[in-house]
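Colleague: I would like to learn how to read a model like this one. Please take me through it step by step.

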Amino acid sequence: MKNKIYLSLGSNIGDRAENILSALSFLQSSGFVEIKKISSFYETSAVGPKQRDFYNIAVEAGTQISPYGLLALIKHGEFLLGRKKSKNAKRWGPRLIDIDILFFGNKIIGKDSFAARLDSDLILPHKEIQNRLFVLYPLNEIAADFVHPVLNRKINAILKKNRLTLKNQKVRIINV
């Protein structure tokens, strides 16, 4: 049985739309991810230092690999698509491509669990979902009724509650 997963993809360097489409193509052609739904593209203000706006989407997919296998696949894909990891990389800095695992079914892998200590890059669900309109808007489009397994609230309820408190984050739907 395939695990239902939700991913967030974003880019703010070069041809942002093409970067995201290339990442989708990589994921689908890997044979490990079957894409089911793709949100519209959203142009969103960057969180952190002043920089070019991002394009973001959310994706619902299925996979039979483990959460750690999926993370390894994503990191490999980001590398192949040109994302460079450097010691001087700024937190929340510009990204050619950024792929985050938002949810892996209803799995909860926290920073305090044994599994998470083996790989500190993996926390599920993603710990910042409720603080990022650039994730909530596209995710709400494809999974409004999905219940966040930690917050125990539907995505549309999280968006409705946080839309006003996060109003400094600009989000608009675009045609690509």
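Colleague: How do I read a salt bridge, and what distance separates N and O in the one between Arg83 and Glu78?

Modeller: Side chains of opposite charge can pair when their charged atoms come close. The rule asks for a side-chain nitrogen of Lys or Arg within 4 Å of a carboxyl oxygen of Asp or Glu. Here Arg83 and Glu78 meet at 3.3 Å, N to O. This is a predicted model, where local features need pLDDT of at least 70, side-chain atom pairs count only at pLDDT 80 or more, and totals for chains, interfaces and linings use all residues. Residues are numbered from 1 along each chain as its sequence is written, and side-chain values use heavy atoms, with hydrogens and water left out.

Colleague: Are Arg83 and Glu78 buried or exposed?

Modeller: Buried means under 20% relative accessible area, exposed means over 50%, and partly exposed lies in between (1.4 Å probe, protein chains only). Glu78 counts as buried because its value is 3%. Arg83 is buried too, at 13%.

Colleague: Which residue forms a salt bridge with Glu78 at 3.9 Å?

Modeller: Lys75 does, with 3.9 Å between the closest N and O atoms. Helices are DSSP runs of H or I with at least four residues, strands are runs of E with at least two, and both are numbered from the N terminus. Lys75 and Glu78 are three residues apart in helix H2 (residues 67-80), so about one helical turn separates them. Lys75 is partly exposed, at 36% relative accessibility.

Colleague: Which residues are linked with Lys75 in a network of salt bridges?

Modeller: Glu78, Arg83 and Asp98 are linked with Lys75 in that network. By the rule above, the count comes to nine salt bridges. One of them joins Lys154 and Asp145, at 3.8 Å from N to O. Lys154 is partly exposed at 38%, while Asp145 is exposed at 52%.

Colleague: What about nonpolar surface: which residues form a patch?

Modeller: Patches take residues with over 30% relative accessible area and no salt bridge; like charges are joined within 9 Å, nonpolar side chains (Val, Leu, Ile, Met, Phe, Trp, Tyr) within 5 Å. Ile108, Val150 and Leu151 form such a patch, with about 250 Å² of accessible area together. Areas come from the Shrake-Rupley method with a 1.4 Å probe; for residues, only the protein chains shown count as cover.

Colleague: Where is Val150 found?

Modeller: Val150 sits in the loop between helix H4 (133-143) and helix H5 (155-162). Val150 is partly exposed, at 49% relative accessibility.
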